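Please look at the sequence and the structure shown below.

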Amino acid sequence: MMLYQRQSGFTLVELMVAMAIGTLITLGAGQLFLTTFQTFKKVDELSRKQESLVFITGVMIQDIRSAINVDVESDAAAIGLLVSSAGSRCDEDENLEKRYFLSEKNGKFSLSVSRKCDSESRWYTEPLVEGFYDDSEESFSFEDLDDGLYQMTIRLATQNGESYEKHMLRIQNRAEAFP
C-alpha cells in the first residue's frame, strides 16, 4: 500500500496576506523615518536661529552697555561704538572703536564688525554671524530712544531665506543712563 505524503507549506493566499502585512509595516516605518527627518530639520533650523540670536544679543548688549560713546549712524543700519581697550589688543590708554553693520557674501547676509584702536589707521573687519534676511535697513537697525536707551531690530531668515522673523531688543547704555 502506498501512503501519500502530505506536503506542507504556505498557500498562495497566505503568502499574499503576509506580503500585504509586510508592505504595511514597511510603509509605516518609512513614514516614521520621513517624519522624524523633517522634525530634525525644523529643530536644526530653529537651533541655528536661536544660536545666532543669542550670540548677536550677547555681543551687542555687552558692547552697548559698556560703551563710552554710542553713535547710531544716520542710515540706522550701522552702529558705531567707542569702548575701553580692556581685554583687546589696544594699548591701555587707548580706546577701541567698533562699527557693526550687515555685509553680504555669496548671497548670505551676516553681521560684521570693524575694529580699530585709536593709534591705528586701518580697520579690521570680520563677519560675526550669518542668517540675516537681507542687507537692508529693516534687517539690522538701531534707534536712539534717548537717555542711553537703544532699540535694536533684526530680521533673521527662515525657510531657506524665503521669509524672516523680526526680533526687537532694547539695550541701556550705563554711561548715559547713570552719568
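Two strands are said to pair if DSSP finds at least two bridges between them. The elements themselves are DSSP runs, numbered from the N terminus: helices are runs of H or I of at least four residues, and strands are runs of E of at least two. The model is predicted, and local features need pLDDT of at least 70, side-chain atom pairs count only at pLDDT 80 or more, and totals for chains, interfaces and linings use all residues. Residues are numbered from 1 along each chain as its sequence is written, and side-chain values use heavy atoms, with hydrogens and water left out.

Consider first the chain as a whole. It contains two helices and eight strands, and along the sequence these elements follow the pattern α-β-β-β-β-β-β-β-β-α. The radius of gyration of the chain is 30 Å, well over the 16 Å that the globule rule gives for 179 residues, so the chain is more spread out than a compact globule. Here the radius of gyration is taken over C-alpha atoms, and the globule rule is 2.2 Å times the number of residues to the power 0.38. The C-alpha trace spans about 115 × 30 × 30 Å along the principal axes of the chain.

The next topic is burial and surface. A residue is called buried under 20% relative accessible area, exposed over 50%, and partly exposed in between, with a 1.4 Å probe and protein chains only. The chain exposes about 12700 Å², of which carbon and sulfur atoms supply 54%. Such areas come from the Shrake-Rupley method with a 1.4 Å probe, and for residues only the protein chains shown count as cover.

Contact means heavy atoms within 4.5 Å. Among contacts between residues at least 6 apart in sequence, 38% join residues at least 24 apart. The chain carries 18 positive and 29 negative side chains, and the centres of the two sets lie 9 Å apart. Lys and Arg count as positive and Asp and Glu as negative, while His and the chain ends are not counted. The place of a charge is taken as NZ of Lys, CZ of Arg, CG of Asp or CD of Glu.

Now turn to the strands β1, β2 and β3. Strand β1 (residues 69–72) pairs with β2 in the antiparallel sense over four bridges, and Asn 69 has Leu 82 in β2 as its bridge partner. Strand β2 also pairs with β3 in the antiparallel sense, over seven bridges; Ser 84 stands opposite Asn 95 in β3. Five of the seven residues of β2 (residues 78–84) are buried, so this strand is largely enclosed by the rest of the structure. In the loop between β2 and β3 lies Ser 88, which is partly exposed, with a relative accessible area of 28%.

Strand β3 (residues 95–105) contains Arg 99. Arg 99 has a relative accessibility of 28% and therefore counts as partly exposed. By contrast, the C-alpha atoms of Arg 99 and Glu 138, 39 residues apart along the chain, are separated by 18 Å.

A further set of paired strands is formed by β6, β7 and β8. Five bridges join β6 (residues 140–144) to β7, and the two run antiparallel; Glu 143 stands opposite Gln 151 in β7. Strand β7 and β8 (residues 163–172) pair in the antiparallel sense over 10 bridges, with Arg 155 opposite Lys 166 in β8. Nine of the 10 residues of β7 (residues 149–158) are buried, so β7 is largely enclosed by the rest of the structure.

Finally, consider the backbone angle phi. Most residues other than glycine have a negative phi. Asp 146, in the loop between β6 and β7, has a positive phi near 80°. The hairpin of these two strands has four residues between the strands, and Asp 146 counts as exposed at 54% relative accessibility. Asn 106 likewise is not a glycine and has a positive phi of about 55°. Asn 106 is found in the loop between β3 and β4, and at 72% relative accessibility Asn 106 counts as exposed.
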